[in-house]
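Trainee: Can you go through this one with me? I'd like to start with the ligands and then look at some helices.

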Amino acid sequence: MLKGGDNMSLPVVALVGRPNVGKSTIFNRIINSRVAIVEDQPGVTRDRIYANAQWMGKQFVLVDTGGITFEDNVIEEQIKTQAEIAINEADVIVMLSDVTGHVTNLDETIAKILYKAKKPIILAINKADNPEQRNDIYDFYSLGLGDPIPVSGSHGTGLGDLLDAIVSKFNGNNTTDDDNNIRFSIIGRPNVGKSSIVNSILGENRVIVADMEGTTRDAIDTIFEKDGQKYTIVDTAGIRRKGKVYEKVEKYSVMRSISAIEQSDVAIIVIDASVGIIEQDKHIAGYAHDAGKGVIIAVNKWDVPSKTTTSMQDFVKVIRQEFQYLDYAPIVFVSAKTGQRIEDIVSLVKNVKENQQRRIQSSVLNDLLLDATRITPTPLVNGKRLRIYYMTQVAVVPPTFVVFVNDPELLHFSYKRFLINQMRQNFNFEGTPIKILARKRK
Ligand code: GDP
Ligand code: GDP
């Protein structure tokens, strides 16, 4: 799966609807069809409220808001909140209902909330398992959300129509800025100091546009300039917006982080030095990595721990251990309170953006390949040796390379890893993931 092209940002599609209409069934249907074709990533469960999906070559992030739940809350409140979250965070909203239950009060409540959204809404009616039931969907016109699309999560029918409707609402690139503008997001769980960092950065630099309205989401971006370079902090409002109950919910903050990461070139993962690393930190960081975005790890509140001469190295060691797949991410120790090294964040963002766009000539790559295979010969798998004939770069952001081989099955993770390490030693790809794809030489 090539994710070529600069500034690519995936649209976020949210599923909303009352319980038991089949949201997670539909979610899994859409996801699994992709998994079967594109990736070998089993075990999609309800814990996973989001996943990448694609239809007709268009990629998007699908979110099942039914999975965003709260303790001590009546069902109706839960659902209202889920719908509000969808309005705030999604580019396209799919309201799902169920033909067997007809139009219920809860359906009407949800529809009323969705009227407020200034974004595309699609109405899908599930459990239309047979032709008669497909005729029953006309009741749902009363919701005032346009033509209902009949689907059956059980049988998989109607999903093509639903997906066609979804992707027809995508309006190309979500970002409105020019290409010279570097977009980054500040990501992390509540209280790590995200809004303090934003304030500190904006206090030090010339703000050009504060609170620029996003095109499709209610997100608000802020543009500033430093040394002639323009930067956008994605979703500044979301970072500062505080206090709503649901914003303390982990799955909600994960979802908001996803939409911010999708709109960014570089994600700054903020860790609280006074607390250390917890599971939630890793979850969000993993998403940025998978999305192929640039990643910087900022350890904030560095003014808090009492320091010995080794404490920084110790912390680095722990981070490297906990975030093994992010071995390429630079780590910066900052304090939003004192302003210490806050400006380094901005310089690092610029470096990472450069590295994401780095192109290496094929001749140089093939010299490297020759040296690399000399140091560590290609492995023998079941008596068959991997042969690599040629390597070429096919995309930037993230840098993506294709190796032409005798048999792609023979290029295992460990040898791929070795090649990636060789590339990192020879070229500056700090802060960006690198992808290597194997293709059979014809
Ligand atoms: P959610 O609460 O909205 O996520 O709903 P689920 O996906 O958990 O589905 C609720 C129930 O409806 C489950 O028992 C499903 O097996 C069933 N269900 C889902 N899709 C269909 C469908 O297309 N037809 C029928 N007859 N049942 C379905
Ligand atoms: P957010 O929820 O991630 O946006 O976090 P905030 O920026 O609201 O900060 C949470 C708390 O941590 C506030 O009380 C801040 O004053 C405090 N805080 C933020 N950055 C620092 C820092 O660098 N050092 C110290 N000591 N406190 C900080």
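Trainee: How does the shell around ligand 1 divide by class?

Mentor: The shell around ligand 1 has 2 nonpolar, 10 polar and 3 charged residues. Ala, Val, Leu, Ile, Met, Phe, Trp, Tyr, Cys and Pro count as nonpolar, Asp, Glu, Lys and Arg as charged, and the others, Gly among them, as polar. This is a predicted model, where local features need pLDDT of at least 70 and side-chain atom pairs count only at pLDDT 80 or more, while totals for chains, interfaces and linings use all residues. Residues are numbered from 1 along each chain as its sequence is written, and chains are lettered from A and ligands numbered from 1 in the order in which they are written.

Trainee: Which residues come nearest to ligand 1?

Mentor: G22, K23, S24, T25 and G153, out of 15 around ligand 1. A residue is near a molecule if its C-beta atom, placed from the backbone, lies within 6 Å of it.

Trainee: And which helix gives the most to that shell?

Mentor: Helix α1 (residues 23-38), with 3 residues. Helices are DSSP runs (H or I, at least four residues), as are strands (E, at least two), numbered from the N terminus.

Trainee: What about ligand 2: which residues come nearest there?

Mentor: G193, K194, S195, S196 and K337, of 16 around ligand 2. Helix α6 (residues 194-204) gives the most to this shell, again 3 residues. By class, the shell around ligand 2 holds 5 nonpolar, 7 polar and 4 charged residues.

Trainee: On to helix α5. Which of its residues are buried?

Mentor: L162, L163 and I166, in a helix running over residues 159-168. They cover an arc of only 95° around the axis, so they sit on the same side of α5. The arc is that of the directions from the helix axis to the C-beta atoms. Buried means 20 or more other C-beta atoms within 10 Å of a residue's own, exposed 12 or fewer, and partly exposed in between, with C-beta atoms placed from the backbone.

Trainee: What is on the face turned away from that side?

Mentor: The exposed residues G160 and D164.

Trainee: What is L386 in contact with, leaving aside its neighbours within four places in sequence?

Mentor: T378, P379, V381, V405, N406, L410, L411 and Y415. Contact means C-beta atoms, placed from the backbone, within 7 Å.

Conventions. Two residues are in contact if their C-beta atoms, placed from the backbone, lie within 7 Å.
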